[in-house]
Amino acid sequence: MDINLRFFSRLNPWLNSLLTSKATLKTEADEAQQGQMSLKTIANQYPLQARRGPITQVMLYQSLYASDDFVGREKQLKQITDVINQWRNHHGEISAIVSPAGAGGSSFLGQLPPLLQTIIAEDTKKAPMPDVKPLPSKWLLMSFYQAPLGANDAIAHVCYCFGITPPNTITETIAAINQQPPQLIMIDDMHKLVLRVMGNNQALVTFATIVMETRKHHCWIINCEIFAWQRLSAQYQIHHFIKHVFQLDYFSETELATIQTKHLLDLGLISNDVMTKETATAADKNTKKSTAQQAEQTNNNQADIVNPYKDQLKQLYTISQGHPKLASLLLQYSLAHQVDIGSDNSSNSRSNNGIDICRINSSVLQQCQDNDLFSLAEIYVHGGLRVSQHAHIFVITIEQSSLQLEYLARQGLIIAQYSQQDFAEHFYFITPTLSKIVASHLVNHNKLFN
């Protein structure tokens with residue numbers, strides 16, 4: 001009863017916010033004058049066209065996330081190459097890429113198709129080896145948007161990806177999949193399968209069994225968010241079955257500076273000379289040099305072109321802690337609101353070129369009660385929840401769940417995708433740019449655990 005009273009006490013301010021005139025609401029210019037950017041403003045920058053349409057069970061992509069601006073991850077790419085070679089030599093095991101939300105796990109998967117083409121090109125230069133398994137020309141990328149709720153659902157999802165009719169039993173399913181031509185299969189957003197709803201446990205076990213029993217014939221690589229991985233490890237001991245686990249983290253200061261320098265180049269704020277020098281410097285750090293060469297490089301550096309936004313790049317790293325999308329948004333937002341930012345706001349930190357980077361105002365998180373934070377934790381771990389799923393997890397009514405989620409959406413902590421047919425199917429998720437901010441707050445308040 002206490003939970004309900006606390007919850008419904010929020011109805012008055014929530015309804016009042018609907019009736020407040022637009023003239024009394026704070027604008028982005030008001031925020032910028034204080035040198036700040038609110039979480040709601042960050043959430044609202046999420047592109048409308050990127051919000052998903054009707055939710056499908058599973059989606060297949062021919063090409064996704066590939067980018068010419070990919071930075072770093074050399075170690076992990078080499079590790080994946082070794083995994084593929086082991087599989088080709090009949091030592092196939094399941095691999096997992098584990099990373100915090102927004103750290104680029106999906107972008108890393110996008111580098112695997114060109115990696116495959118590189119391996120194939122190298123093979124053409126070598127003498128054929130009869131015992132080595134041939135590589136398919138393409139990857140199969142699978143991303144779940146709705147967790148299966150039963151063994152039959154799990155079987156149907158996997159069979160759909162292979163284009164086969166679902167058999168009646170899991171044994172027949174495994175046999176049918178093993179009869180398909182060998183595939184390299186990437187599973188993105190594995191955390192969306194870890195749903196604490198009745199029936200999901202059996203679905204997850206069924207799915208895992210299929211992958212385990214086909215790993216010698218097909219090469220499976222899974223991408224999972226780190227907190228969901230911890231839950232899978234604690235509840236299902238998944239780490240006992242997956243041999244190769246590769247961890248990605250947010251970018252280092254040097255890596256993030258490389259990414260943002262490219263953005264500055266695209267905006268026309270720096271010249272190609274700076275970009276060339278940044279790339280050369282990064283390459284030098286990865287190359288061992290003799291003492292004489294290092295001394296010569298030091299002398300040359302004195303004449304190197306200096307990035308005029310070096311101070312801003314350091315500020316972006318400090319604020320974003322290496323989160324690439326958050327840093328990009330902060331940079332673009334700050335550049336667009338320089339006129340609005342008050343000169344007295346950051347007089348102690350104003351850079352030589354007069355460009356200021358906005359800070360993040362996360363005070364709305366401090367106002368959240370425990371039931372809000374628990375809701376955010378479940379939404380974060382699952383990559384999003386429907387109203388009906390949220391109600392099931394927290395054992396509350398659909399109406400209570402709808403109101404609580406809409407409250408969080410109005411605070412700018414989550415984004416809503418509304419269903420036209422049933423409000424219980426409204427889908428709420430945390431935008432990638434907010435993921436690190438929200439996760440850090442939840443960890444600090446014991447709602448997520450490292």
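Author: Contact here means heavy atoms within 4.5 Å. This is a predicted model. In it, residues 24 or more positions apart account for 78% of the contacts with a separation of 6 or more.

Reader: How many helices and strands does the protein have?

Author: There are 21 helices and eleven strands. Of the 450 residues, 47% count as buried. The accessible surface comes to about 22,700 Å². Carbon and sulfur atoms own 52% of that surface.

Reader: How do I read an aromatic pair?

Author: Two numbers describe a pair of aromatic rings: the distance of the centres and the angle of the planes. A search of the whole structure finds four such pairs. Take Phe227 and Tyr380. Their ring centres are 5.7 Å apart and the planes meet at 70°, so this pair is edge-to-face. The cut-off for that label is over 60 degrees.

Reader: Which parts does the pair of Phe227 and Tyr380 tie together?

Author: Phe227 lies in helix H11 (residues 226-236) and Tyr380 in helix H18 (residues 370-382), so the pair ties together parts 153 residues apart in sequence.

Reader: Is Phe227 buried or exposed?

Author: Phe227 is buried, with a relative accessible area of 10%.

Reader: What about Tyr418 and Tyr428?

Author: They form an edge-to-face pair as well, 6.4 Å centre to centre and 90° between the planes. Tyr418 sits in the loop between S10 and S11, and Tyr428 in strand S11. The two are ten residues apart. Tyr418 is partly exposed, at 43% relative accessible area. Tyr428 is buried, at 0%.

Reader: What is the order of the strands in the sheet that holds S11?

Author: The order is S9-S11-S10, in an open sheet of three strands with antiparallel pairing. Strand S9 (385-386) and strand S10 (415-417) are the edges, each pairing on one side only. Two bridges join S9 to S11 (residues 427-429). In one case, Arg386 has Phe427 of S11 as its bridge partner.

Reader: Where do charged ends sit over rings?

Author: The charged end of Arg73 sits over the ring of Phe251, 4.3 Å from its centre. That of Lys447 sits over the ring of Phe374, at 5.1 Å from the centre.

Reader: How do I check the length of a helix, say H8?

Author: Compare the expected span with the distance between the end C-alpha atoms. Helix H8 (residues 151-162) has twelve residues, and at 1.5 Å a residue should span 16 Å. Its end C-alpha atoms are 17 Å apart, which agrees.

Reader: Which residues of H8 are buried?

Author: An α-helix has 3.6 residues a turn, so residues three or four places apart point the same way. In H8 the buried residues are Ala154, Ile155, His157, Val158, Cys159, Cys161 and Phe162.

Reader: What follows H8?

Author: Gly163 follows, with a positive phi near 70°.

Definitions and conventions. Residues numbered from 1 in each chain as written. Predicted model: local features only at pLDDT ≥ 70, side-chain atom pairs only at ≥ 80, totals over all residues. Heavy atoms only, no water. Pairing = 2+ DSSP bridges. Helix = DSSP H or I, 4+ residues; strand = E, 2+ residues; numbered from the N terminus. Buried < 20%, exposed > 50% of the residue type's maximum accessible area, 1.4 Å probe, protein only. Areas by Shrake-Rupley, 256 points an atom, 1.4 Å probe, with all protein chains shown as cover. Phe/Tyr/Trp six-rings, centres within 6.5 Å; stacked < 30°, edge-to-face > 60°. Lys NZ or Arg CZ within 6 Å of the ring centre and 35° of its normal. Expected span 1.5 Å × (residues − 1).
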